[in-house]
Amino acid sequence: RNAANLHWQATRSSQSPAQEQPALYSLGYFDEPRSSRSGWTLRAQKNLPATAMGVSTLAWAEYEHARGPSPNALRLGLQGQWPLATGWQLHGYAYAQADNTGYSPLLDNNKPRRVVTSYLALERQIAPSFWGGQLGVTLHWSRRWSNLPLFAWKDQGLSLNWQRQWR
């Protein structure tokens, strides 16, 4: 997939660090040569104020206008991160997607696709300084519900991961 995006954010002249961040907007173009699909996306996202328990949350909405074999889609999502204790975090997201037309004439008489996806992960930092990065382990659960069974699934797993940031 080839993609290009233009992002912009309204700025406030008298914004202090304690104030909320303004929403971030983006306009993008994508091209998928292998599937003969291309189009544009319009997205808005906003960091919500952190809760007293330290949960940071991001809400977003996106419209995708596609040319090719797949329909246009509207997506809404919410994702969050919660530090539980030193070295422990809980991550999660949920999003919904609704297509404006049928996905395929072969699937339930070309019924428009509807999906809801959820993901929850518990992460434990094992070694905060390991080969210049951080070593951790993640236990995750995810599920997608759909009106078309082809797009419904469940997944769970355990992963060992290493993260490093280069500047």
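L6 sits in strand β1, where strands (E, at least two residues) and helices (H or I, at least four) are DSSP runs numbered from the N terminus. Keep in mind that this is a predicted model, in which local features need pLDDT of at least 70, side-chain atom pairs count only at pLDDT 80 or more, and totals for chains, interfaces and linings use all residues. Residues are numbered from 1 along each chain as its sequence is written, and side-chain values use heavy atoms, leaving out hydrogens and water.

With a relative accessible area of 54%, L6 is exposed; that label means over 50%, while buried means under 20% and partly exposed lies in between (1.4 Å probe, protein chains only).

Now for the whole protein. There are nine strands and zero helices. The radius of gyration, 19 Å, is well over the 15 Å that the globule rule gives for 167 residues, so the protein is more spread out than a compact globule. Here the radius is taken over C-alpha atoms, and the rule is 2.2 Å times the number of residues to the power 0.38.

| Property of the protein | Value |
|---|---|
| C-alpha box along the principal axes | roughly 50 × 45 × 30 Å |
| Buried residues | 27% of the 167 residues |

Finally, take a look at one strand pair. Strands β8 (residues 133-146) and β9 (residues 153-163) run antiparallel and are joined by 11 bridges; strands pair if DSSP finds at least two bridges between them. A hairpin of six residues links β8 to β9, and V137 stands opposite L160 in β9.
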